[in-house]
Amino acid sequence: MDTLPGDIVPESAGLCVEPGPQIASDLRRVGSNPNHWYPLAWSRELKTGKPLGVRFAGDPIVLVRPQHEAVFALEDRCAHRQVPLHDGVVDGCALRCGYHGWTYDQSGKCIDVPYLGKDKLPNGVRAYACREAAGLVFVFPGDPALADTVPFPQLGATGDPRYRTRRFGQEVACHYTFMHENLTDMNHQFLHRKQMGQVRPRFRGMRTGHDWMEVDYTFGRTGGKQPLGEAAILGKRRGQGRENHKDLMTIRTEYPYQNLRIWTDGELPVMNLWIVYVPLDREQRSNRTFGLLSIQRPEKLGFLLDAAWPVLVWFTERIFTEDRAIVEQEQRAHDDQGADWNQEVFPAIRELRALLGRRGLPIVARPDAARERGLLADARGCTLAGTCQSVTQDAA
Ligand code: FES
Ligand SMILES: [Fe+2]
C-alpha cells in the first residue's frame with residue numbers, strides 16, 4: 001500500500017487493526033477506544049424520572065435518574081422488540097418500556113413482564129457502568145469487566161474553589177481526531193486572527209509516553225491588541241515586546257482526554273481546560289464535545305472574574321465557533337477526497353496522530369457484522385440472542 005507523508009502506517013505506529021483488507025492507514029477511520037470513561041450527558045440534562053437517550057459510537061444508551069437512587073445506564077433497546085427505552089417510564093429504581101411494559105432494573109435484568117409469571121422472565125438488556133462527576137454523567141461503554149480497573153479521569157480544576165468553571169460543548173460534525181489535532185496544534189493562530197490579532201506561537205518541546213503526550217508553547221504578539229477575553233483568562237494585560245513569550249501553555253493528551261493549562265507567573269495554572277470528544281455515530285464522523293474550562297480567581301479581587309465572565313464566555317465561544325467550522329470542513333474534505341492525505345510536518349502532531357492510532361480501535365460498520373467477527377462483547381450478544389424464544393412460546 002502506498003503511503004503519503006504523515007500517513008499512519010499500522011505496523012510502525014502499532015495501530016491496533018485486524019489483518020486483511022480493512023486495515024486502517026487512515027486515522028479518520030480509527031475508532032475511539034471504548035474502554036475508557038466517557039461523559040455522555042451533562043447532569044442538568046438528565047431530569048429525575050425522565051429517561052434520556054444518548055449514544056456512544058452508534059450504540060444507543062439510556063440514562064436514568066431515579067428519585068432516590070444513583071443514576072444508571074442501560075442499552076437503549078428493549079429486549080422485546082428493540083424499541084428505545086428512553087420513551088419508557090421510570091418506576092422506582094427500574095425502567096419500564098413504553099410499549100408492553102417490560103421492566104428492567106439498574107443491572108439490566110428484566111424484572112417484570114406484565115402478562116407473564118415471574119418465573120418466566122426473559123433475559124434483560126446490557127447495563128453500563130455509570131458515574132456522575134463535575135456535572136457530567138459518565139458511562140463506561142467498553143468491556144464491563146474493565147470498568148473497575150480503568151482509572152476515572154482527573155477533571156481539570158473542577159471542584160477547586162480557587163477556580164470558576166465554564167461547562168461548554170456541542171455536537172461537532174467531524175471525527176474526534178480532528179478535534180485532538182486542533183487543540184494540540186497551536187500553529188493555527190492565523191485562523192483566530194480576527195479574535196486574537198497577530199499572535200505567533202513558539203514550540204518549546206514535547207514529552208511522550210505510551211498513552212499520553214504533551215507539548216509546550218509560549219506566544220508572542222506581533223500585531224493588534226490583546227483581546228479583553230484573553231486578559232480575563234490570564235488575569236493580566238499582555239502587549240507586545242517584553243511581554244512576549246512570558247506565559248507557558250502545556251497541552252496534554254492523556255488518551256482519550258485532553259488538558260490545556262496556561263501558567264503566567266504563579267505555581268497554579270491560570271487556566272485549566274479538560275475536554276473530551278465523544279463519538280456519536282457508528283462511523284464516528286460526528287462527536288459531542290464536553291469541555292470544563294476552569295479559570296483561576298484573582299486572589300484578592302475574586303469578584304473581578306465574575307464581572308469579566310460574560311466577556312470571557314463570549315470570547316471563548318467565538319474561538320470555539322471558528323475551530324468548529326474548520327474541523328467540520330476538514331471532515332467534509334476528507335469525505336469528498338476519500339482518504340486522509342494529511343501531510344503533517346509538525347513533530348508534535350505527528351506524535352499525537354501516532355498516539356491516537358495506537359490507542360484507537362477499528363471502526364466496526366454494523367453490529368451484526370461485528371458480532372460475526374466476534375468483535376462485540378459477549379454481554380451484547382446475550383442481550384439479543386436467546387431472549388425472546390421462551391416468551392414467544394409462552395405468550396403466543
Ligand atoms: S417492545 Fe418493549 S415491552 Fe414490548
Ligand atoms: Fe483554535
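Me: Let's take helices as DSSP runs of H or I with at least four residues, and strands as E runs of at least two, numbered from the N terminus. On that basis, how many helices and strands are there in the protein?
Reply: Nine helices and 20 strands. Keep in mind that this is a predicted model.

Me: On to sheets. What's the strand order in the open sheet of six?
Reply: Reading across, S2-S11-S10-S5-S4-S3, and the pairing is antiparallel.

Me: Which strands stand at the edges?
Reply: Strand S2 (38-42) and strand S3 (52-56). Each has a single partner strand, so one side of each has no neighbour in the sheet.

Me: How much are neighbouring strands turned against each other there?
Reply: By 35° on average, ignoring direction.

Me: What about S5 and S10, how do they pair?
Reply: S5 (residues 72-75) and S10 (residues 127-133) pair in the antiparallel sense, over two bridges. Ala73 stands opposite Tyr128 of S10.

Me: There's also an open sheet of four strands. What's the order in that one?
Reply: S6-S7-S8-S9, with antiparallel pairing. At its edges are S6 (89-91) and S9 (110-112), and each pairs with a single strand, so each has one side left without a neighbour in the sheet.

Me: And which residue is the bridge partner of Arg96 in S8?
Reply: Thr103. That's part of the pairing of S7 (residues 94-96) with S8 (residues 103-104), antiparallel over two bridges.

Me: Switching to helices. At what angle do H2 and H5 pack?
Reply: About 135°, with the axes of H2 (residues 176-184) and H5 (residues 303-337) 10 Å apart. Angles over 145 degrees would count as roughly antiparallel, and the two are therefore oblique to each other.

Me: Is that crossing left-handed or right-handed?
Reply: H2 passes H5 in a right-handed crossing.

Me: Which residues meet there?
Reply: From H2, Phe178, Met179 and Asn182; from H5, Asp323, Val327, Glu330 and Gln331. By class, the contact of H2 with H5 has three nonpolar, two polar and two charged residues.

Me: H2 meets H6 as well. How do their axes cross?
Reply: At roughly 150°, and the axes of H2 and H6 (residues 347-359) come within 10 Å. H2 and H6 are therefore roughly antiparallel to each other. The crossing of H2 and H6 is right-handed.

Me: Who makes that contact?
Reply: On the H2 side, Thr177, His180, Glu181 and Thr184; on the H6 side, Ala348, Ile349, Leu352 and Leu356. The H2 with H6 contact has four nonpolar, three polar and one charged residues.

Me: Ala57, buried or exposed?
Reply: Buried, because Ala57 has 21 C-beta neighbours inside 10 Å and the cut-off is 20 or more.

Me: What about the phi of Gln284?
Reply: Near 60°, again a positive value in a residue other than glycine. Gln284 lies in the loop between S18 (271-279) and S19 (287-296). Gln284 is buried too, with 23 other C-beta atoms within 10 Å.

Me: And the peptide bond from Tyr255 to Pro256, cis or trans?
Reply: Cis, with omega near 0°. Pro256 lies in the loop between S16 (248-254) and S17 (257-263).

Me: What is Phe56 in contact with, leaving aside its neighbours within four places in sequence?
Reply: Pro34, Tyr38, Leu40, Ile61, Val139, Pro141, Val278 and Pro279.

Me: And how far is the C-alpha of Phe56 from that of Ser32?
Reply: 9.6 Å, with the two residues 24 apart along the chain.

Technical notes
Residues numbered from 1 in each chain as written. Chains lettered and ligands numbered in written order. Predicted model: local features only at pLDDT ≥ 70, side-chain atom pairs only at ≥ 80, totals over all residues. Axes fitted to C-alpha atoms, helices over the stretch in contact; angles between N-to-C directions. Parallel < 35°, antiparallel > 145°, perpendicular 65-115°, else oblique. Left-handed = near helix turned anticlockwise from the far one by under 90°. Contact = placed C-beta atoms within 7 Å. Nonpolar A, V, L, I, M, F, W, Y, C, P; charged D, E, K, R; others polar. Pairing = 2+ DSSP bridges. Buried ≥ 20, exposed ≤ 12 C-beta atoms within 10 Å, placed from the backbone.
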